[in-house]
Amino acid sequence: MHIFMRIWKSFSSMSFFSVFLLSLLVVLLGTFSIHFAEPETFPTLFDSLWWTMTTLTTVGYGDYSPGSVPGRVIGMILFIFGIGIFGALISKTVEHISTYNRLKEEGKIVYKKDGHYVYITWSKKTKEAIEEVLATQPDAKIVIIENSEKTPYRHDNVHFVQGDPAEEETLTKANVLGSKRVCIFSDSFIDDATLADGKTLLIASAVECLCTEGNDIHTIVEISKESHISKFKHVKVDDFIVSNGSVSRLMAKATLNPGTTAIFRQLLSKRFGSNIHEMVPKPGWKTYKDAHQELFENGAVLIAVNDSMNISMNQQMNLQNNDILYVICDDQVAASIGAY
């Protein structure tokens, strides 16, 4: 027993890779040795492998069993040493899975995939934005960056990275360069608008510093005061969301034009109606009017070209190949017209 315990401790102190290789070696030795020791009882290598595996896992179906002395000696060796090695492998595997889950919960696992969305700074608004994205694109991959001890949101498609989002190391762990969009939310724990937007500017600058020539990052930021937008001029930010002003303006619109809130809900969420989709001009479209007419005939409404919504006033304006067209339609129509 003392010798056995020393052997078990030796197995336990080995690395996972070493235990795995040793287990594989034991399986191979057991398979080939029993096959050559008793070819009549174990006519194929698969039969030998089956017996070896059932022996090592202590299942022991009894459909195959060695009858000769060499065969039984091989069986006893597997009993004494093989089961110990296999037990160590199972123990190491469970330990690795447990360690991985703990590190993932603590946000210490590097995200290596591409085409994901990065959300920086956790708040109720971040949670609602993530849920809206997942409702629209159930297979979307999202990475949250937050300086907290554990993940703030649990979902199979959501990965958590712990750390300071203004640090390059943290942004690299989230694979920001491989992401589709980077969304920076205002810190809800900072009451002063200037300080909150200052922190957002610092994070946006850190994201911009990762960019290299020909490798742009589409960045969306939430700011507390619209007047602070000009302070971001040296940082390439693609979209600004004014946190307080947006709600106030929507409330004003509803006050002046009762019933418009239903329209806004449809524009802001797929769950309340048609959705906004993007597309590029088709080869046959020369002007805004060409695009508007063909889209309307196919069940879609053109609401903007790039950031211009004056479609009716600019009907004869020429379309460029790099223009982005925004249309309202359901998903089936969007697929048929090539929108996304």
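**Talking through the model**

Modeller: At 43% relative accessibility, Arg 102 counts as partly exposed, and its side chain meets that of Glu 106 in a salt bridge, with 3.6 Å from N to O. Please keep in mind throughout that this is a predicted model.

Biologist: Which residues are linked with Arg 102 in a network of salt bridges?

Modeller: Arg 102, Glu 106 and Lys 108 are linked in such a network, and the structure as a whole holds seven salt bridges.

Biologist: And what does Arg 154 form a salt bridge with?

Modeller: Arg 154 pairs with Glu 105, and the closest N and O atoms of the two are 2.2 Å apart. Because Arg 154 lies in the loop between E2 and E3 while Glu 105 belongs to helix H4 (residues 69-105), the pair ties together parts that are 49 residues apart in sequence.

Biologist: Is Arg 154 buried or exposed?

Modeller: Arg 154 is exposed, its relative accessible area being 59%. For another pair, take Lys 236 and Asp 238, whose side chains meet in a salt bridge at 2.9 Å, N to O; Lys 236 is partly exposed at 35% relative accessible area, and Asp 238 is partly exposed too, at 29%.

Biologist: OK, switching to the fold. How many helices and strands does the protein chain have?

Modeller: The protein chain has 11 helices and nine strands. Six strands form an open sheet with parallel pairing, in the order E3-E2-E1-E4-E5-E6.

Biologist: Which strands stand at the edges?

Modeller: Those are E3 (158-162) and E6 (239-242), and since each has a single partner strand, one side of each is left without a neighbour in the sheet. On average, neighbouring strands of this sheet are turned by 20° against each other, direction ignored.

Biologist: What joins E1 to E4?

Modeller: Four bridges join strand E1 (residues 117-120) to strand E4 (residues 181-184), and the two run parallel. Within that pairing, Tyr 119 stands opposite Cys 183 in E4.

Biologist: Which strands does helix H5 touch?

Modeller: Helix H5 (residues 124-136) packs on the sheet and touches E1, strand E2 (142-146), E3 and strand E5 (218-223), with its direction making about 165° with that of E1. Helix H7 (residues 193-210), for its part, lies across E1, E4 and E5 and runs at about 170° to E5.

Biologist: Now the inside. How many residues does the largest nonpolar core have?

Modeller: The largest nonpolar core has 25 residues, and those with the most contacts inside it are Ile 120, Leu 171, Val 176, Val 182, Ile 184 and Val 207. The elements giving two or more residues to this core are E1, E2, E4, H7 and E5, and the largest share, six residues, comes from H7.

Biologist: What does Val 207 touch?

Modeller: Leaving aside residues up to four places away in sequence, Val 207 touches Ile 120, Leu 171, Val 176, Val 182, Ile 184, Ile 217 and Thr 219. Apart from this core lies another, of 17 residues, among them Ala 291, Val 305, Leu 319 and Cys 329.

Biologist: Where is Glu 222, and is it buried or exposed?

Modeller: Glu 222 is placed in strand E5, and it is buried, with a relative accessible area of 6%, where the cut-off for buried is under 20%.

Biologist: What does Glu 222 touch?

Modeller: Not counting residues up to four places away in sequence, Glu 222 touches Lys 125, Ile 184, Phe 185, Ser 186, Asp 197, Thr 200, Ile 241 and Ser 243.

Biologist: Last topic, the backbone. Which residue has a positive phi of about 80°?

Modeller: That is Thr 121, which is not a glycine; Thr 121 sits in the loop between E1 and H5 and counts as buried at 5% relative accessibility. Asn 175, also not a glycine, has a positive phi of about 50°, and its place is in the loop between helix H6 (168-173) and E4, where Asn 175 counts as buried at 16% relative accessibility.

Biologist: And what percentage of the 340 residues in the protein chain do buried residues make up?

Modeller: Buried residues make up 38% of them.

Methods. Residues are numbered from 1 along each chain as its sequence is written. This is a predicted model: local features need pLDDT of at least 70, side-chain atom pairs count only at pLDDT 80 or more; totals for chains, interfaces and linings use all residues. Side-chain values use heavy atoms; hydrogens and water are left out. Two strands pair if DSSP finds at least two bridges between them. Axes are lines fitted to C-alpha atoms, for helices over the stretch in contact, and angles run from 0 to 180 degrees between N-to-C directions. Contact means heavy atoms within 4.5 Å. A nonpolar core is a set of buried Ala, Val, Leu, Ile, Met, Phe, Trp, Tyr and Cys residues joined through side-chain atoms within 4.5 Å. Buried means under 20% relative accessible area, exposed over 50%, partly exposed in between (1.4 Å probe, protein chains only). A salt bridge is a side-chain nitrogen of Lys or Arg within 4 Å of a carboxyl oxygen of Asp or Glu.
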